[in-house]
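Here's a quick briefing to read alongside the model. Have the chain open in your viewer and follow along.

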Amino acid sequence: MKYTLMKLRAVIFGVCLLVTVNFAYAKIVIVANTMPGLLEVEGKNKPYNKVLNELMLSTHLAADIVYAPPARAAKLFDDRKANCIFPASKKFINEVPKPISSNPINFAKAYFFTLKPYANVEIINNPSLSIGIRRGFTYGEALKGIAKHKLVEVNTDAQNLGLIKKGRIDAFVAYIPDLNQQLIRDNKLYFNESVYVHDESFVCHNSPKNSRFLKELDLIITKLRKQGKLAALLGVHYVAP
């Protein structure tokens with residue numbers, strides 16, 4: 001009986017040790033926030049896919065990538081089913097302790113886009129204008145300036161383009177690199193100075209394991225940036241700070 005009990009304890013201890021070791025060496029899970037034209041499930045030639053693949057090939061830490069649309073990606077991260085989310089900015093994430101992030105791989109700048117020249121102040125001071133915005137997107141102070149305007153919510157920038165060409169909106173707010181320079185030229189869009197800027201980074205829950213992962217990523221991001229390879233991978237979607 002005593003031997004059986006000791007054996008049972010040894011088995012239990014072995015199982016606990018196995019679980020502990022597996023947890024300690026579990027892969028980092030990154031939820032990839034998919035964006036048409038930038039980061040896609042089957043988008044190996046898309047700019048953010050290329051950056052992600054380059055970074056994962058260069059890092060010595062194992063990571064699993066889970067692709068999900070924005071709302072689903074945010075929920076997976078919030079529910080702590082992923083260590084990190086990419087691309088993201090920690091300024092949008094409220095949790096305790098505060099999240100940690102990598103160096104930026106790119107920047108996103110929001111602009112008012114129109115089919116004829118407008119100064120930003122003209123748009124902001126004219127509440128009779130109809131303005132298209134992406135549902136669920138954050139545009140910082142820009143939305144405060146157009147709070148009295150007729151805001152038309154859409155799911156994609158393509159919908160905004162369709163609406164402005166049909167004359168159903170006067171302007172829309174969108175981010176570059178979501179809209180790249182070629183698309184802007186092809187649609188003959190006008191824009192002025194940016195109305196909001198945020199970084200595009202890897203954001204992780206604050207933990208020693210995630211911190212080690214980000215430190216290694218930062219070494220690679222810095223190297224790629226200095227070599228000019230980061231800008232080359234992003235191509236027309238590269239946005240300077």
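This is a predicted model: local features need pLDDT of at least 70, side-chain atom pairs count only at pLDDT 80 or more; totals for chains, interfaces and linings use all residues.

Residues are numbered from 1 along each chain as its sequence is written, and side-chain values use heavy atoms, with hydrogens and water left out.

**The chain overall**

- The chain has nine helices and nine strands, taken as DSSP runs numbered from the N terminus (helices: H or I, at least four residues; strands: E, at least two).
- Of the 241 residues, 42% are buried, where buried means under 20% relative accessible area, exposed means over 50%, and partly exposed is in between (1.4 Å probe, protein chains only).
- If you take the contacts (heavy atoms within 4.5 Å) between residues at least 6 apart in sequence, 73% join residues at least 24 apart.
- The accessible surface comes to about 13,700 Å², and 58% of that belongs to carbon and sulfur atoms; the areas come from the Shrake-Rupley method with a 1.4 Å probe, and for residues only the protein chains shown count as cover.

**Helix α3**

- Helix α3 spans residues 70-78, and its buried residues are A73, L76 and F77.
- Those residues cover an arc of only 95 degrees around the axis, so they sit on the same side of α3; the arc is that of the directions from the helix axis to the C-beta atoms.
- An α-helix has 3.6 residues a turn, so residues three or four places apart point the same way.
- Over on the other side of α3, you'll find A71 and D78 exposed.
- What do the buried residues of α3 pack against? Their partners are β1 (28-33), β2 (63-68), β3 (84-88) and β9 (196-204).
- After α3 comes R80, with a positive phi near 60 degrees.

**The disulfide**

- Counting cysteine sulfur atoms within 2.5 Å as a disulfide, the total is one.
- C84 is joined to C204, with S to S at 2.0 Å.
- C84 lies in strand β3 and C204 in strand β9, so the pair ties together parts 120 residues apart in sequence.
- The torsion about the S-S bond is about 100 degrees, so this disulfide is right-handed.
- C84 is buried, at a relative accessible area of 0%, and C204 is buried at 0% too.

**S89**

- S89 lies in the loop between β3 and β4 (100-101), and at 2% relative accessibility S89 counts as buried.
- Leaving out residues up to four places away in sequence, S89 touches H198, D199 and V203.
- The side chains of S89 and D199 make a polar contact at 2.6 Å (N or O atoms within 3.5 Å; within protein, one must be able to donate a hydrogen and the other to accept it, and residues adjacent in sequence count only if both atoms are side-chain atoms).
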